Amino acid sequence: MIDKLEFFITVAKERSFSRAAELCGVTQPTLSAGIKQLEDSLGVLLVNRSSRFHSLTAEGERVLEWAKRIVADARAMRQEVRTLKEGLGGQLKIAAIPTALTMIPALTTPFREKHPGVRFTILTSSSTEILSMLDNLEIDAGLTYLDNEPLGRVRTVPLFSERYRLLTAADNPLGNRDKVTWADVGRIPLCLLTPDMQNRRIVERLIRDAGGEPEPALESNSVIVLFAHVKTGRWATILPEKLVDSLRVAAPLRSIPIVEPEAVHEIGLVVPLREPTIPQVAALVAEAKKLAKNPLVGDL
């Protein structure tokens, strides 16, 4: 039954029988037969389909929520039994917003020292994607904004506050300032993250509230791309203070505080709001709570 529920969850996410079969590592006929057996056992149609996927039925939408709970609980049970027998091991998948990526070692490094049997996969994603992947059981935890957009059913551990800096060359416009306003930065060309990133939406809102209209000269979903352009001395960007500190910015570049107003947003760990929690996630939450008490969080 669990494998058929996993088939169903994957079909609902991918909206394609062929892609779902590939991800599940089975043939399409095997997957389709599994979905049909699940429908027969429940006595309802779950998927509207002809030769291809169209949509979930109303009953399918409800079964999907139950399927996620049951599969998550089954995985947690298997992992807890394995941990009791072998100790903490396995894999943790964590997705983080681009501006928080350099903070992850402050969490994963002390965790692995305590639990060397655990392997990590680190992904970069938008805040919206992180919540979707948590809900679809694709990741175990995320590092994202906690206070700017709705999070849904997750458990949170605040880790640090995000403040913003203008990163530019000293001889660029505003480059000789000790501080700048959001109205100031709204008047110069900028490199910014792409619109699907919550950081971009935050920056745009702050500029618009100051009477400006952001018109980025370059967009990327990678902060490394933004920083590489700024290093040429011809570009400027807006990045979080802790991220700028981790990049070891040196002359001729300057990191200039943006004030009026001073904007602050909370970044933290998010994990599914489920009980029991799998042992690796419980250990990660415990490590995050220790890290949150450290005033030097992220200063590696």
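Colleague: Which strand does Ser220 lie in?

Modeller: Keep in mind that this is a predicted model. Ser220 belongs to the strand covering residues 218–220, and that strand is β10.

Colleague: Is Ser220 buried or exposed?

Modeller: Its relative accessible area comes to 9%. The cut-off for buried is under 20%. Since 9% falls under that cut-off, Ser220 counts as buried.

Colleague: What does the side chain of Ser220 reach, and at what distance?

Modeller: Away from its neighbours within four places in sequence, Ser220 is in contact with Leu192, Leu193, Thr194, Val225 and Leu226. Its side chain also reaches the backbone nitrogen of Ser222, at 3.0 Å.

Colleague: Now the sheet with five strands: which are its edge strands?

Modeller: The sheet is open, with mixed pairing, and its order is β4-β3-β5-β13-β6. An edge strand here pairs on one side only. That gives β4 and β6 (154–162).

Colleague: By how much are neighbouring strands of this sheet turned against each other on average?

Modeller: Ignoring direction, the average for neighbouring strands in this sheet is 20°.

Colleague: Which residue stands opposite Gln91?

Modeller: Strand β3 (residues 90–96) pairs with β4 (residues 118–124) in the parallel sense, over seven bridges. β3, helix α5 (residues 105–114) and β4 also make a right-handed β-α-β unit. On the β4 side, the residue opposite Gln91 is Arg119.

Colleague: And what is the bridge partner of Ile94 in β5?

Modeller: β3 and β5 (residues 141–145) run parallel, joined by three bridges. Ile94 has as its partner in β5 Ala141.

Colleague: Do β6 and β13 run parallel or antiparallel?

Modeller: Eight bridges join β6 to β13 (residues 265–272).

Colleague: What about helix α11: at what angle does it run to β6?

Modeller: α11 (residues 279–292) has 14 residues and reaches 20 Å from its first C-alpha to its last, close to the 20 Å expected. Its buried residues include Val281, Leu284, Val285, Ala288 and Leu291. In an α-helix, residues three or four places apart point the same way, because there are 3.6 residues a turn. α11 lies across β3, β4, β5, β6 and β13, and its angle to β6 is about 30°.

Colleague: Which strands does helix α6 lie across?

Modeller: Helix α6 spans residues 127–135 and runs at about 150° to β5.

How values were computed: Residues numbered from 1 in each chain as written. Predicted model: local features only at pLDDT ≥ 70, side-chain atom pairs only at ≥ 80, totals over all residues. Heavy atoms only, no water. Pairing = 2+ DSSP bridges. Helix = DSSP H or I, 4+ residues; strand = E, 2+ residues; numbered from the N terminus. Right-handed = clockwise from strand over helix to strand, strands pointing away. Expected span 1.5 Å × (residues − 1). Buried < 20%, exposed > 50% of the residue type's maximum accessible area, 1.4 Å probe, protein only. Axes fitted to C-alpha atoms, helices over the stretch in contact; angles between N-to-C directions. Contact = heavy atoms within 4.5 Å. Polar contact = N/O pair within 3.5 Å; in protein donor to acceptor, adjacent residues only side chain to side chain.
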